Each structure stands twice: as C-alpha cells, then as structure tokens.
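Let's walk through this model together, one contact at a time.

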Amino acid sequence: GASQSGRARLSAARLANSLAVRLVALYDALESSHEKNTAEAIPTIHSYLCRIFALACKVLAVSASRHTTISANQNGVETKDSCYGIMCTIARSAVATSSSGMVFNNRETTGEQDGGQGAISIKTAALLFGCSAHEEETLRPRAMAALDALLAAYCRVYKADQARAAISGSAMDVDKNDEPQEPENPWAAPAHDQGTLEANSTNFSQLCRSLLPLLWTSAKPSQPKASRLASARWAGELVKPIDCVSACHILTYLSGDVDVTASSVAREGLGISDRAANDDLAILAAEVGERKDLPEFQEFVECVFGDTDGVGSYHDFSPRGQGTALRFGFICLLADLYGGDDESVSIYLKTITSALVDLDSASSASGTGRGREALDLLDDCCFCLTGVLGSSSFARSAVVKSAEVNHQYLSSLSIKVASSKARRLLAESCGFLYEDANIWGDAGSDGNWVDA
C-alpha cells in the first residue's frame, strides 16, 4: 500500500528529473542556434518544462511549512531530492531568462500573475526560503543549492535588463548628438520607448520591496544558519545593486551573526575587509575614493540609526553588528562629497557617544563590561569617533557644547578604559578638538580652550 505508492512517486520524480535534464539541454541548444525552424519546438519544450517545474513545486510545498515532519521512509527523502534537482536544472538554464518568468512564479507565466505588466514574482523564492528553514537536515543542502540557482537566475535577468537599458540609453544619446532634421511626416518619426525602461526599473524595485520582508525573516537569529546565510547572499548579490541602502541595512545586521560563514558573507557584501587593515584613516580614505557601491550617508544613517522601531532596529543588532554598522557609516561619510549634512552627522555622532556611555557604565558596574565583544565595540566606537571629529567641524563643535559627552568626558575616558587601542583613539579625538580654535570661541570665550 503506502510503500508501493511511495516507490511509484519516487520513480515518477526520478523520471521527471531525467526528462528535465534532457529537455533543458535541448532548449538551450535551440535558443542559442537562432534558427527559424526551431520557432515551433521551443514553446513546446517550454510547456513541458513548466509542467515538470510545477510538479516539483507541488511536492516541495509541504517542506516549506513550519509544520513539516521528518520523512518516515527513504522514498520520501529521495523523491524530494529529485525535485530539488529539477528546480536547480531549470533555474540554471535559459528558461529562467525567458520572458515567461515561470521559474520565479512557481511555473506560472507573467501573464497569469496578479500584477501583470511583466511583474517579477517571488513565489518560488518564498517556497525555497521556507524549505531552507523547515526542511529536514539531510535535505537542507539541496534546498540551499536550489536557492543559489534561483538567485543566479534573478541576477542574470537583472544584468540582461541593465544591458538592454544601457544599449537603449546609448542609442538615445546618439540620436541627441545627431544634427536635428525635420522629418517629412513628424507623426511618423520613431520614438524611443522610455516608458519600457522606466517600467523595467520599477519592476525590479517592486521585486526588492517584496523580497525585503522575506530576507529579514530569514535573517532572524531563531532561523537555521542556512537561512541566515541565504539572506546574506541574496542581499549582497541581488538587492544591493537595486536598493543599496536596504541591502546594506540587512548586511550590517547579519555581519554580527554568530555563524562565521554568514557574518563573513555579510561583511564581504558590505566590502569591509579585515578590521586591522581599516584602522589607518589615510588608507581607508584612499580605498573609499575608489568605491562606487556605497549608499548615501544621509540615507544610510536614517535607515539604520534613525528613530525607527520597525524591523532591523540598530538596538537589536548584536555588539559586533553594531560595530560594523558604525564603521560602515563612517565609510559612507568619507565617500560623501559634502561631508554629510549636519542632521545626519548629529544622529551618527549621538549613536557613537550613547554607545560609549553605555559601555562605560557597564564597565564601571561589572568591572569588565561584556567581555571581548564589548571591547571590540568600544574600539569601533572610538575609531569612528576619531574619524568623524577629524572630518567634521560640526561634530567637533557639537561635542564641545555637549553637557554629557564633551572634551572633559573624553579626556577622562581616555585614561580609564581597558583597551589600549581605545585610549589611543580617544586621545587622538581630544587632539582634534583642541586643534580647532574656532569651536572654542563658539562655546563661550577663548578662555575655554585654556581651561580645557
């Protein structure tokens, strides 16, 4: 009874997997040949692949539920294994970049989607993220492989769209540079489809807005490390080129993950190298000048450090994630042509000084603070404070005028903190304050500088 039915499903899944491999090979060959006599064969093969893909999605939908139970027999495991193979095969083929979009929408074509207009769906992504979180341990690597294949498919579609947009933009520039000629029939003059370019850009922006809740859910510490790793990869490789600020928000959060691989992928996505290499401000400034993948300082500060109680609040970051967020914020400040607006610098500076006060209070209460993580965060705070005081006159003036974290507090802190690196950086911060004569006149009188 049940065992016979399980063997039948396994045989069907293996046959579908084998058929998918052969049909994909034929489909890719016909697509690359560009021969006229293949016009009828390609839609037929595509239809068969849609049915096979739908079968795999239907089988794996059970594994995406949090109520998934471990398969009691080997047949069920091998059946799902074959279905993951089907999804990997089709997602890696030219079928994924076809205009139908069935790979992203659980085999439905774009014309059947609710939004229409070629909208890019995340139905398959949601299915596979659910599988990566709830699948049994033996099959979780297969779910991750399918997620990676789907991510690569999204990236290929995005790059192809960008290439088409670049070609269309070049054609428009060429037309603008040509000498204007009055056509015989103005109504018959060809027009560039600017609306199509804007629609494509809107589609990918909508894709990111749909993906972000899914990625934040997968980034939670309660999720398996496979899900958190997948979230870091998707944010760095797909979301970042489209919505840099939101992607960097997720990546800074995941940079403090307890899993070394997930945190390393997140830091790589941010473009942050080893901490020791970033401690020289001159070297860091030179590296930042060559980067083109950084968000605007104001946008990043408002997104990460602003007064938001929503998902991904800075106060929910781990100490290591908070340190990475501060460092990355300073990198964005260095890349800002105008040195950041005063309000953004004020929010960023307040975040640093508040962290210093909290760390100082924790250290005074327990004698050691929170261990190594606290010392690393202290070093990051002092490094970023030194950087922002050295680059912003507004920040120096704000510190001198502060009633809590001012030059006197920093001078005292530079003597008693446990980290020798932090003491050196705090002393350097005080030096930036004392070297700027203008801020002391603003604070009251020139005598304030002498008293300090």
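Ala 64 touches Leu 127, Gly 130, Cys 131 and His 134, leaving out residues up to four places away in sequence; contact here means heavy atoms within 4.5 Å. You'll find Ala 64 in the loop between helix 2 (41–60) and helix 3 (74–91). Along the chain, Ala 64 and Gly 130 are 66 residues apart, yet their C-alpha atoms are 4.1 Å apart in space.

A word on what you're looking at: this is a predicted model, in which local features need pLDDT of at least 70 and side-chain atom pairs count only at pLDDT 80 or more, while totals for chains, interfaces and linings use all residues. Residues are numbered from 1 along each chain as its sequence is written, and side-chain values use heavy atoms, with hydrogens and water left out.

Now zoom out. The protein has 19 helices and zero strands; these are DSSP runs numbered from the N terminus, with helices being H or I of at least four residues and strands E of at least two. Of its 452 residues, 46% count as buried, where buried means under 20% relative accessible area, exposed means over 50% and partly exposed is in between (1.4 Å probe, protein chains only). Among contacts with a separation of 6 or more, 70% come from residues 24 or more positions apart.

Leu 212 is buried, with a relative accessible area of 15%. Beyond its neighbours within four places in sequence, Leu 212 is in contact with Val 239, Asp 243, Ser 246 and Ile 250. Ser 246 is 34 residues from Leu 212 in sequence, with 7.8 Å between the two C-alpha atoms.

How do helix 7 and helix 8 pack? Their angle is about 155°, and their axes are 8 Å apart; axes are lines fitted to C-alpha atoms, for helices over the stretch in contact, and angles run from 0 to 180 degrees between N-to-C directions. That makes helix 7 roughly antiparallel to helix 8 (angles over 145 degrees count as roughly antiparallel, under 35 as roughly parallel, 65 to 115 as roughly perpendicular and the rest as oblique). The contact includes Ala 232, Ala 235 and Val 239 of helix 7, with Ala 247, Ile 250 and Leu 251 among the residues from helix 8.

Helix 9 (residues 260–270) comes next, with Ala 262, Ser 263, Ala 266, Arg 267, Gly 269 and Leu 270 buried. These residues cover an arc of only 155° around the axis, which puts them on the same side of helix 9; the arc is that of the directions from the helix axis to the C-beta atoms. An α-helix has 3.6 residues a turn, so residues three or four places apart point the same way. The buried residues of helix 9 pack against helix 7 (225–242), helix 8 (244–254) and helix 12. Val 260 and Glu 268 are exposed on the face turned away from the buried side of helix 9. Just after helix 9, Gly 271 takes a positive phi of about 80°.

Helix 11 (residues 297–304) has its own buried set: Phe 297, Phe 300, Val 301 and Val 304. They span an arc of only 100° around the axis, which places them on the same side of helix 11.

Last, follow helix 12 (residues 319–335) to helix 14 (residues 372–391), where the two pack at about 15° with axes 9 Å apart. Helix 12 and helix 14 are therefore roughly parallel to each other. Among the residues that meet there are Leu 326 and Phe 330 of helix 12, and Leu 377 and Phe 383 of helix 14.
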